[in-house]
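Biologist: I am new to this structure and would like to go through some of its side chains. Could you show it to me?

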Amino acid sequence: MVTVTGREGIPVVHFHGDLDNESAPAAARALGEAVTSGADRTVVDLSGTFFADSSILHVLLEAQRNHAAAGSALVLAGPFQPAVRRLFEVTGSALAFRMTDSLETAMTC
């Protein structure tokens, strides 16, 4: 469900499948390790995520705060599945994140 790779010195956290309370601890660990890398950004690849609930939103918001405190950006990359995009829209949290429609764009924005 959660894998981490590095690309051009940037941590890329890949989320796969459905993200919920069970996957939240692994997601939080991966994002916590990424913020300590010293990179200017961490990219979260949500293109393989079909469903995400409020527990993952909480993890992403906490990661956003931690990255900002460390002087690093957290960038969410799509394309976003309708259920994932809806989570951000319904909660009004889309404005809290830098979101791009592709991993390639997230690596350079």
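Biologist: Is Arg 41 buried or exposed?

Modeller: Arg 41 is buried, as its relative accessible area is 10%; buried means under 20%, exposed over 50% and partly exposed in between, with a 1.4 Å probe and protein chains only. Please note that this is a predicted model, in which local features need pLDDT of at least 70, side-chain atom pairs count only at pLDDT 80 or more, and totals for chains, interfaces and linings use all residues. Residues are numbered from 1 along each chain as its sequence is written, and side-chain values use heavy atoms, with hydrogens and water left out.

Biologist: Which residue forms a salt bridge with Arg 41?

Modeller: That residue is Asp 40, with the closest N and O atoms 3.7 Å apart. A salt bridge requires a side-chain nitrogen of Lys or Arg within 4 Å of a carboxyl oxygen of Asp or Glu.

Biologist: How many salt bridges does the structure hold?

Modeller: It holds 4. One of them joins Arg 65 to Glu 62, at 2.8 Å between the closest N and O atoms.

Biologist: Where do Arg 65 and Glu 62 lie?

Modeller: Both are in helix H2 (residues 54-69), 3 residues apart, or about one turn of the helix. Helices are DSSP runs (H or I) of at least four residues, numbered from the N terminus. Arg 65 is partly exposed at 45% relative accessible area, and Glu 62 is partly exposed at 33%.

Biologist: Turning to aromatics, how many pairs does a search of the whole structure find?

Modeller: The search finds 2 aromatic pairs. Phe 80 and Phe 88 have ring centres 6.5 Å apart and planes at 70°, so they are edge-to-face; rings of Phe, Tyr and Trp (its six-membered ring) pair if their centres lie within 6.5 Å, and planes under 30 degrees apart count as stacked, over 60 as edge-to-face and the rest as tilted.

Conventions. Helices (H or I, at least four residues) and strands (E, at least two) are DSSP runs, numbered from the N terminus.
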